[in-house]
2 protein chains.
Amino acid sequence: MNKKTDVLVIGGGPAGMISAITAKRYYPEKNVLLIKSIGNGCIPCGIPYMFASLKDPDENKIGNESLEKSDVAVEVDEVVSIDRTQKQVITKKGDSYSYEKLILAVGSSPMKLPIPGIGMKGVHRIVKDTNYLKKVIEQVRLSKNVLVLGGGFIGVEFADELSKISGINISLAEVLPRLLMNSFDSDFSSMAEEKLKSQGVRLLTNTRIEEIIGNGKVEKVRLSNGTTIDADNIILGIGSIPDTKLAVNAGLDLNRINSIWVDEYMRTSDPDIFAIGDCAGKTDFFTRKAVPVMLASTATSEARIAGANLYRLRVVRENRGTISIYSTYINGLVLGSAGLTESTSKKEGFETVVGSCRGFDKHPATLPGTNSTHVKLIFSRKSGTLMGGQVSGGFPCGAMINLIGIAIQQRMSVTELETLQVATHPYLTSSPTVYPIVIAAQNAANKI
Amino acid sequence: MNKKTDVLVIGGGPAGMISAITAKRYYPEKNVLLIKSIGNGCIPCGIPYMFASLKDPDENKIGNESLEKSDVAVEVDEVVSIDRTQKQVITKKGDSYSYEKLILAVGSSPMKLPIPGIGMKGVHRIVKDTNYLKKVIEQVRLSKNVLVLGGGFIGVEFADELSKISGINISLAEVLPRLLMNSFDSDFSSMAEEKLKSQGVRLLTNTRIEEIIGNGKVEKVRLSNGTTIDADNIILGIGSIPDTKLAVNAGLDLNRINSIWVDEYMRTSDPDIFAIGDCAGKTDFFTRKAVPVMLASTATSEARIAGANLYRLRVVRENRGTISIYSTYINGLVLGSAGLTESTSKKEGFETVVGSCRGFDKHPATLPGTNSTHVKLIFSRKSGTLMGGQVSGGFPCGAMINLIGIAIQQRMSVTELETLQVATHPYLTSSPTVYPIVIAAQNAANKI
């Protein structure tokens, strides 16, 4: 059957949803249809917490309410090809949908690791499908020995979350020498390592998985250090690669690291096709290199830009580059990172100066519930421009990293940050005389 | 005895301390001396919490450690006059100190209310002196009926704090029709009112105190509504007025609302004398009017500007105006305000558009410890520039108001905020699709 729409969005994750809603807001006279292949999707960053923190995994579901409220039509089906000449897509169910403007928000899939035995039962990829995950949760909860593979955010959050289930021995394996290495310098990543260790997680950094051993179902894992450990379930918290098959088959350009090439308005090499989220190329805010950042928050920002620019370009709504802004939570410890780390900025050839401040999130620090806070800011030495920041501490750090994120996006200088006006309150912040972001900036300024 | 210094700071509060430390940092070759009249001062915003939250009021003391570490000399004495021709000050102890550069950080004092009986025992002004406050705390803790006078931040925080002491009936009287009226619109101030009522605080808005009745010590209070209430202690949480006596006697100019006139570098009408903090004039960031904002955080920002500009002007370090940024905490409820409120911006003649968002500070909202969050943003209708914001919710709002504060200071537009890149995490923020600051901006954009 051939159906007709004006704006067609492929993908039901945060990027797809927000782009469809934004399109309808800017172009209310247009019909907007969203096609998604997973009927029962879930919020990506909430997946680890479906295993223990949430009473019911369904609490993390992505519903259709916000789409319906915005008058966006929804189909559950899989698009198998794009016909750019006819301006239509073909689906698995055999339907075709014609479009004026097409938005690819098709996401990413876990990368395939060439480890012998990786196809065995008990080895779980993390797919954003509630029904699939429920089965994984069932098995993992009955587990005795779980190995989490990958020391990035997903792996770290899984290790933390699983330690809340009693009776499971957890190991976390990472090829690199430290956890969260791409987003944090060692003074911050070591806090994550200490925290997980204190919860009984066995950390295996600098460690590669050589072989998964078992009789159809995983039983043991042989490591690069020669030892073998027991594991009845393995969670692959490894990186993802952009889903570009549809785009490639349709003849769209890829960027230098094989994401879909897009311009600042999120247009692909076909001006009627936009790409956003994990499948779309990202340019780092400072290095201007293509980077493989995959974040729901970045995706929604891109979705708002694409949705607005579909039929008419709005210069103020352009993508100025990705700042790689993250926060995570490990059993009471909040870690946040935005922009470049000190080590990455050095590696990329920036001449930097670093300021830091250790303080508390209430004042005086004897108030109940006080956490220590650590802020580190990385500035360009010559211009004094803020290029990156990291924070650790209690809950307020979840918002503090966004404060640093705004300052980066606004290209604020060390002097502007040093004389920032902030609200302070005994129960809510450190004292105004030692507000950590201001003091870290001052500390950097002293070195310039 | 005549002593000599290069930089002389008068005042031991946050402004004085930070200006002295900054002066020493920028001009290490100069001698810096700070003279303060109260030897045992305390952190201003922590004063309410000395009454119950802190085990020992001394925990809120301001020590001399940070001054000593920065090689700033300290004298406890009171400056009684400034001789600008001789470039020296005279103290109560009879000493004189000559200076090259003088910084006035002399603060403010509670305004005097013309209420009959206000001089009685049991009526307490809030003075930043630990020894004095300890005596007040002793009396108030044994109190049966306390009346807090003033529904601004100090009054509200005192009412909240005293409700933690069992056996005290608390009344809060405010002349205006609502609490926190200068900093919040009614949708936010009503939350503070509900919270205090739920703690058993009797709210007397639209109420003036006509007479304090007692026999040398306060027993009752006659109100403007004709009733009389019992009160054995009264706390004056009322406004303060700048201490300008020294400045006036030295012939320095005042601004239109009788604060010490200063320029953007914090210089008074005498280029060798700077004024900062509560005693110094403030210009509103948007209205450009003189405003009576008295905040330790504003004071420290001014102190950093003054300290840097003492001998050589640094154009990047200038005061671009005060954004009136506040946060407060009432028994689990955090309220924050920055810039202009909707009602003030209308009164001042700005054409505005308002966006708001109600959400949660975790996602999904079924995660333990989730609080609801309310964000309201006020934009200039024509330019789309952010002019003010208010937040309510849990602890993260203490940092979120500073995020809004940065956006105001950077004159960010509704579009920049709508496409902001933020870090989101299930335990730390709302979902990326509905981050409240982004959605409030979007809500405003829809109306433009």
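Analyst: Start with one strand pair. In chain B, β5(B) and strand β6 (residues 88–91) run antiparallel and are joined by 4 bridges. Strands are DSSP runs (E, at least two residues), helices likewise (H or I, at least four), numbered from the N terminus. Two strands pair if DSSP finds at least two bridges between them. Within this pair, Val79(B) is opposite Thr91(B) of β6(B).

User: What should I know about the model and its numbering?
Analyst: This is a predicted model; local features need pLDDT of at least 70, side-chain atom pairs count only at pLDDT 80 or more, and totals for chains, interfaces and linings use all residues. Residues are numbered from 1 along each chain as its sequence is written, while chains are lettered from A and ligands numbered from 1 in the order in which they are written.

User: How do strands of a sheet pair, and in what order do the 4 strands stand here?
Analyst: Strands of a sheet pair through backbone hydrogen bonds, parallel or antiparallel. Here the open sheet of chain B has the order β1-β7-β6-β5, with mixed pairing. β1 (2–4) and β5 (79–83) of chain B are at the edges with a single partner strand each, so one side of each lacks a neighbour in the sheet.

User: How many residues of chain B are in contact with chain A?
Analyst: Contact means that C-beta atoms, placed from the backbone, lie within 7 Å. By that rule, 65 residues of chain B touch 65 residues of chain A. On the chain B side, α9(B) gives the largest share, 10 residues.

Note on methods: Two residues are in contact if their C-beta atoms, placed from the backbone, lie within 7 Å.
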